[in-house]
Amino acid sequence: MPRQGLVQPVHNPAVVAQTGIVGLDDILNGGLARGRLYLVEGVPGSGKTTLAMQFLIDGAKRGEKVLYITLSETRDELETVAQSHGWDLSGISIRELLPQENALDSDEQYTMYHPSEVELAATTKLILEDVQKLKPTRVVFDSLSELRLVAGNPLRYRRQILALKQYFAGRRCTVMLLDDMTATDHDLHVQSIAHGVILLQHLSPEYGAERRRLRVIKYRGSEFRGGYHDYLIKRGGLVVFPRLIAAEHRQSRSDLKLPSMVPELDELLGGGIEEGTSTLVVGGAGTGKSTIAAQFCVAAANRRQKSIIFMFDESPNTLFTRCCGLGIDIEGQVEAGLIKLVQVDPAELSPGELAFQIREAVEVDGVKIVAIDSLNGYLNAMPEERFLTIQLHELLMYLSEKSVASLLISAHHGIIGSQMQAPVDASYLADAVILLRYFETKGEVRQAISVVKKRGGVHERTIREFGMNDGKIRVGDPLRHFRGVLTGVPVYEGSTDPLLGTERRK
């Protein structure tokens with residue numbers, strides 16, 4: 001399946017009609033085949049009219065004649081929508097087929113014929129007259145629910161849709177039918193008639209902003225990216241985030257090491273982390289997980305390599321203050337444009353939008369390190385957390401194919417003890433796991449660091465003390481005089497005190 005990243009593919013405009021929505025065209029493998037009839041389904045508020053208007057505006061910009069046939073909204077309402085998005089509708093012909101005010105008069109009531117027989121014929125006649133006069137290449141019907149009411153019964157309605165399909169097919173006209181799904185019984189007959197079907201969903205989680213996603217149900221004779229794809233309605237129209245598929249981004253990978261410039265930490269990791277690998281930094285709150293990620297990003301910036309940090313739990317100002325006290329100049333590198341901080345509100349972000357932002361950072365900005373701080377916040381951003389691991393796996397595979405190192409921060413529940421657990425087990429997904437733990441000794445709470453896993457490379461298996469004092473990150477010698485450090489309450493078996501800062505305290 002031919003795919004690419006964020007650049008719209010070039011297709012023959014005589015064969016494919018682009019929708020004007022880059023993400024949707026990518027899902028449809030370039031756009032909609034011309035001369036076919038398509039169905040766009042969705043509940044009220046899902047963005048059907050917005051999508052249809054973008055489809056027509058794209059055609060008008062290309063010099064095509066386009067027609068919007070509305071059976072529900074007035075021209076004024078459509079122009080209000082256009083103004084809210086900053087659109088110019090001067091290139092779009094709008095035909096209103098709405099009931100007239102005198103339709104309520106008693107003289108206008110039918111006595112010899114069923115209303116549907118008269119109204120459907122009159123409506124169809126007006127539509128055909130407009131098409132014959134304008135000769136459009138793109139037509140939108142808004143919406144089928146009104147046409148269904150005018151038809152009167154399901155048989156006449158289905159025959160009318162089939163007749164419209166055959167009529168437009170002979171004129172090489174691309175038709176988009178909008179259906180608000182307000183009918184009591186969902187009629188699948190129109191889906192079977194249509195060349196392609198796009199479903200728009202409007203979801204309302206118990207907390208946070210509403211979520212929207214779309215799915216291409218069918219598209220005859222063409223490959224498309226299946227599954228659900230998140231989208232937003234912003235000023236300017238729909239913004240669609242195609243579902244990330246790592247297999248579409250296969251390329252040669254490198255194993256260049258990215259050191260942290262903290263010698264002892266790099267010794268633990270066998271020289272640092274590698275490009276194209278994922279590293280999970282896990283530990284209790286306050287153990288220094290975010291600080292380690294910041295150190296790797298600043299070290300990369302000193303090599304003129306770009307990084308991006310998605311912050312779910314901490315504000316940039318807090319990170320700047322903490323890192324400044326440890327001699328980590330992350331604020332200066334942010335101002336230099338080598339590190340980008342993205343403050344994420346889990347209640348407002350969809351997983352598809354997050355994946356899109358990461359793709360944009362990798363493919364447009366050329367970042368070499370992506371840090372997610374933290375997985376706990378990422379979990380909260382998921383409306384259905386049972387899919388978190390699958391989406392995370394796809395994201396890490398994509399970054400691996402792009403030779404981008406990823407740093408995942410995960411906070412354990414609790415502070416100290418042997419029963420600490422992470423909210424999501426990502427250890428089997430990561431190529432390396434750095435474990436940070438608190439431990440108690442001589443009436444003090446201290447921290448230990450160890451690398452418990454590293455695929456495809458040699459690493460040190462010792463447990464070292466980890467500290468953030470004296471204005472820098474400090475990694476001590478292996479804790480060979482202690483047994484049971486990972487339990488939180490170790491047993492001291494040595495004759496000398498090997499801990500950091502011992503001489504200073506004495």
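**Notebook: backbone exceptions, a helix pair and salt bridges**

I began with R474, which counts as partly exposed because its relative accessibility is 21% (buried is under 20% relative accessible area, exposed over 50%, partly exposed in between, with a 1.4 Å probe and protein chains only). I noted that R474 forms a salt bridge with D470, the closest N and O atoms being 2.9 Å apart; a salt bridge is a side-chain nitrogen of Lys or Arg within 4 Å of a carboxyl oxygen of Asp or Glu.

I worked on a predicted model, in which local features need pLDDT of at least 70 and side-chain atom pairs count only at pLDDT 80 or more, while totals for chains, interfaces and linings use all residues. Residues are numbered from 1 along each chain as its sequence is written, and side-chain values use heavy atoms, without hydrogens and water.

**Salt bridges**

I searched the whole structure and found 19 salt bridges. In one of these, K454 pairs with E274, the closest N and O atoms being 2.8 Å apart. K454 lies in strand β20 (residues 444-454) and E274 in strand β13 (residues 273-274), so the pair ties together parts that are 180 residues apart in sequence; helices (H or I, at least four residues) and strands (E, at least two) are DSSP runs, numbered from the N terminus. Both K454 and E274 are buried.

I then looked up E275, which forms a salt bridge with K368 at 3.9 Å between the closest N and O atoms. This pair links distant parts of the chain, 93 residues apart: E275 is in the loop between β13 and β14 (278-283), and K368 in the loop between α12 (351-365) and β17. E275 counts as buried because its relative accessibility is 8%.

I also recorded a network of salt bridges that links R34, D58, R62, E64 and R138.

**Backbone**

Most residues other than glycine have a negative phi, and most peptide bonds are trans. I therefore listed the exceptions.

I found a cis peptide bond between D142 and S143, with omega about 5°; S143 is in the loop between β6 (138-142) and α5 (144-151). A cis peptide bond also joins D373 and S374, with omega about 20°.

N29 has a positive phi, near 60°, and counts as buried at 17% relative accessibility. S403 has a positive phi of about 60° and is buried, with a relative accessible area of 6%.

**Helix contact**

Which residues of α5 meet α6? I listed L144, L147, R148 and A151, which meet R156, Y157, I161 and L164 in α6 (contact means heavy atoms within 4.5 Å).
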